[in-house]
Amino acid sequence: MTEKVAIAGASGLVGANILKAALARGYAVNGAMRNPAGPAARLMDLPGAADRLELMAADMAVDGAFDPVMQGVAGVFIASLVPVYFAPDGTPARELDDARGRAEIIQPTVDGFLNIMRSAIRSGVRDIVICSSTSSTNPVPAVPVKNEVDHWSDPDQQCADRKFTSAAKASMERAAMALAAEHGVRLRILLPTLMLGPMVLPAHGEEGFMAALKRMLRGEKGRHEKTPNDSSSMAHIEDVAALFMAAYESPVAEGRYFAVRESWHWNDIYRTLGQLDPTLALPPLYEGTPAAPTGFDFARRDSLGVKMRDIPEILADALAWAKANS
């Protein structure tokens, strides 16, 4: 019998790529999202989808909404952590006071994830892989090389800094780990950041740095007016999906894993893009002493056995997709 998995947030950037990878590996998939009748219906065009994919409507804000999604599945991927930058009334998250930030940004994220996990647990599922973010791995003070086990962001400090969107990540992870321990669930948490490359759904190419690449191809401003004295971690989106599948399929994987290739200073990122396409409208490079890129201990990531593409290849694939889809 074909093994079936569920993917919560299957129409998102990470979820769509996990879905594509799962179908390629022969899994049957229940793909859940709020609106499967919209643009996400294009997921049915993926190889293997006609026979092994069912798109289902479910809202993580509704208790029990994921119960039908979990029927008959052996494992669950939760990739529905969409960053929330505004309160329901439109107030930017950074302008909220502590009480509103916790109630309107953090708690809905935590409650939504726990709703999905409880549906899975009620159905007998004990293998769950969730998507969080490296923003949950930033201790204060910063460390030169961080790892997934020892290094956590402090949600209280992030709330004090009005970084409620970031605080939601570590808060959600802690709550998920507690629920998993209570019910004997083997939980894996993947921690990506900037994800680039070919997009499964065209709409994903209209967001973030992929959209900035398209603007720079048109001669317009991309992400930066001037190159910041900062670094960015990144990974090829298909490698991120491969890490999710490897964590699920491993008989021993558990806990947190970085899902990034490495971190580069923005000067090096823009220099590489300029070498790939000299016509890009790139910002002026930073001229001072460059800040050191974020350092990572990748021992746990590498234990999953996924070969990660390097940053020049990541940028080349992203740029090629942006050119073909502009």
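Hi everyone, let's start with Gln158, which counts as buried because its relative accessibility is 9%; buried here means under 20% relative accessible area, with over 50% being exposed and anything in between partly exposed, using a 1.4 Å probe and protein chains only. Gln158 sits in helix α4, residues 155–160. Leaving out residues up to four places away in sequence, Gln158 touches Ser135, Ser153, Lys163, Phe164, Ser166 and Ala167, where contact means heavy atoms within 4.5 Å.

A word on the model: it is predicted, so local features need pLDDT of at least 70 and side-chain atom pairs count only at pLDDT 80 or more, while totals for chains, interfaces and linings use all residues. Numbering runs from 1 along each chain as its sequence is written, and side-chain values use heavy atoms, with hydrogens and water left out.

Next stop, Ala259. You'll find Ala259 in the loop between β9 (255–258) and β10 (262–265); helices (H or I, at least four residues) and strands (E, at least two) are DSSP runs, numbered from the N terminus. With 0% relative accessibility, Ala259 counts as buried. Beyond its neighbours within four places in sequence, Ala259 contacts Leu190, Leu191, Pro192, Ala235, Val240 and Leu243. The C-alpha atoms of Ala259 and Pro36 are separated by 27 Å, and these residues are 223 apart along the chain.

Finally, a helix pair. How do α1 and α7 cross, left-handed or right-handed? α1 passes α7 in a right-handed crossing, meaning that the near helix is turned clockwise from the far one by less than a right angle, anticlockwise being left-handed. On the α1 side, the contact includes Leu13 and Asn17, and on the α7 side, Phe244 and Met245 are among the residues involved. Thanks, everyone!
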